[in-house]
Amino acid sequence: MQRSVKLYALSTCPHCKCTKQFLSDCGVKFDCTDVDKVPKEDVAAIFEEVKRLTSRCSFPTIVIGDKVIVGNREDQIREALGL
Amino acid sequence: MMEVEQLYEILRKVQEPKGYFFNKDKEKVFELLAGLLANKERYGYMCCPCRLAANDREHDKDIICPCTYREPDVEEYGSCYCNLYVSQAWNEERIPHEYVPERRPDDRFIF
């Protein structure tokens with residue numbers, strides 16, 4: 001079974017775009033939130049979640065199973081996906 | 001609304017004499033500049049396209065492009081956080097293209 005993959009991204013960020021493309025190219029299904037596009041009242045909760053996961057606020061943040069990767073680091077993403 | 005090409009030329013003329021060059025990957029640069037223009041449209045200022053804006057100019061002033069962190073990042077890594085502005089050595093691949101970690105202090109992010 002595929003590990004659940006959650007991506008926190010920004011719609012204006014090319015690094016995030018590369019991660020989306022990379023996951024798609026790998027045939028990985030993922031749940032993506034463009035944090036800059038969510039309603040203002042929901043941003044704080046998502047921000048707190050990203051901060052809890054990474055202790056930072058940096059995008060893209062990718063959650064693969066129990067692994068958390070900050071940045072478009074394809075080798076780390078590949079490893080976490082078991083590819 | 002200003003076009004990406006116009007913004008590219010305006011910024012290039014100002015920034016190159018200061019030693020900050022656009023990444024030679026023009027496609028990526030144009031994406032970043034389009035992000036800056038999108039942020040200008042929705043926030044009223046050209047906030048960094050790779051960071052979450054608070055939609056408050058005063059609060060975001062350190063991440064209005066070029067951000068406060070560009071100078072130390074280009075100094076240390078040869079590139080800013082977004083890989084928009086780089087050094088000549090970075091473009092000529094005389095230094096490694098490392099991941100540039102977020103330098104903005106955590107407590108500057110408030111939502």
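Visitor: Which side chain of chain A meets B:Arg42 in a salt bridge?
Guide: The model is predicted. A salt bridge here needs a Lys or Arg side-chain nitrogen within 4 Å of a carboxyl oxygen of Asp or Glu. For B:Arg42 the N to O distance is 2.7 Å. The partner is A:Asp36.

Visitor: How many salt bridges and polar contacts does the rule find across the interface of chain A and chain B?
Guide: The salt bridges across the interface of chain A and chain B number three. For polar contact, both residues must be at pLDDT 80 or more. The rule then finds eight residue pairs.

Visitor: Which elements give two or more residues to the side of chain A that touches chain B?
Guide: By class, that side of chain A has 11 nonpolar, six polar and five charged residues. Two elements of chain A give two or more residues to it. They are helix H1 (14-25) and helix H2 (40-54).

Visitor: What area is buried between chain A and chain B, and which residues in chain A lose the most?
Guide: In contact are 22 residues of chain A and 21 residues of chain B. The buried area is about 1,800 Å², with 55% from carbon and sulfur atoms. Three residues of chain A together give 28% of what that side buries. They are A:Thr12, A:Pro14 and A:His15.

Visitor: Which residues are closest to the centre of the largest pocket?
Guide: The largest pocket holds about 360 Å³ of space. Its lining has 19 residues. By class they are seven nonpolar, seven polar and five charged. Closest to the centre are A:His15, A:Asn72, B:Lys28, B:Asn83 and B:Tyr99.

Visitor: Which element gives the most to the lining of the second largest pocket?
Guide: The volume of the second largest pocket is about 230 Å³. Among its 14 lining residues, A:Lys40, A:Val43, B:Ala53, B:Ala54 and B:Asn55 lie nearest its centre. The lining divides into 11 nonpolar, one polar and two charged residues. The top contributor, with three residues, is H2(A).

Visitor: How many cavities of 30 Å³ or more are there, and which residues lie nearest the centre of the largest cavity?
Guide: The structure holds one cavity of 30 Å³ or more. About 100 Å³ of space lies in the largest cavity. Its lining has 12 nonpolar, no polar and two charged residues. Of its 14 lining residues, those nearest the centre are B:Cys48, B:Cys65, B:Cys80, B:Cys82 and B:Leu84.

Visitor: Which residue does a cis peptide bond join to B:Cys65?
Guide: B:Cys65 is among the residues nearest the centre of the largest cavity. Its cis bond has an omega of about -5°.

Visitor: Where in chain A are A:Pro60 and A:Ser55 found?
Guide: The peptide bond from A:Phe59 to A:Pro60 is cis, with omega near 0°. A:Ser55 is not a glycine, yet its phi is positive, about 60°. A:Pro60 is in the loop between H2 and strand E3 (61-64) of chain A. A:Ser55 is also placed in the loop between H2 and E3.

Visitor: Which residues is B:Ile110 in contact with, leaving aside its neighbours within four places in sequence?
Guide: B:Ile110 lies in the segment after helix H4 (88-91) of chain B. Its C-alpha atom is 36 Å from that of B:Glu93, 17 residues apart along the chain. Contact needs heavy atoms within 4.5 Å. The contacts of B:Ile110 are B:Ala54 and B:His59.

Terms used
Residues are numbered from 1 along each chain as its sequence is written. Chains are lettered from A and ligands numbered from 1 in the order in which they are written. This is a predicted model: local features need pLDDT of at least 70, side-chain atom pairs count only at pLDDT 80 or more; totals for chains, interfaces and linings use all residues. Side-chain values use heavy atoms; hydrogens and water are left out. Buried area is the accessible area (1.4 Å probe) that two parts lose on being put together, summed over both. A polar contact is a pair of N or O atoms within 3.5 Å; within protein, one must be able to donate a hydrogen and the other to accept it, and residues adjacent in sequence count only if both atoms are side-chain atoms. Helices (H or I, at least four residues) and strands (E, at least two) are DSSP runs, numbered from the N terminus. Ala, Val, Leu, Ile, Met, Phe, Trp, Tyr, Cys and Pro count as nonpolar, Asp, Glu, Lys and Arg as charged, and the others, Gly among them, as polar. On a 1 Å grid over the protein atoms alone, a cavity is a set of points where a 1.4 Å probe fits but cannot get out, and a pocket is an open set with protein on both sides within 12 Å along at least five of seven lines; lining residues have an atom within 4 Å of a point. Grid points are joined across faces, edges and corners, and a volume is the space filled by probe spheres set on the points.
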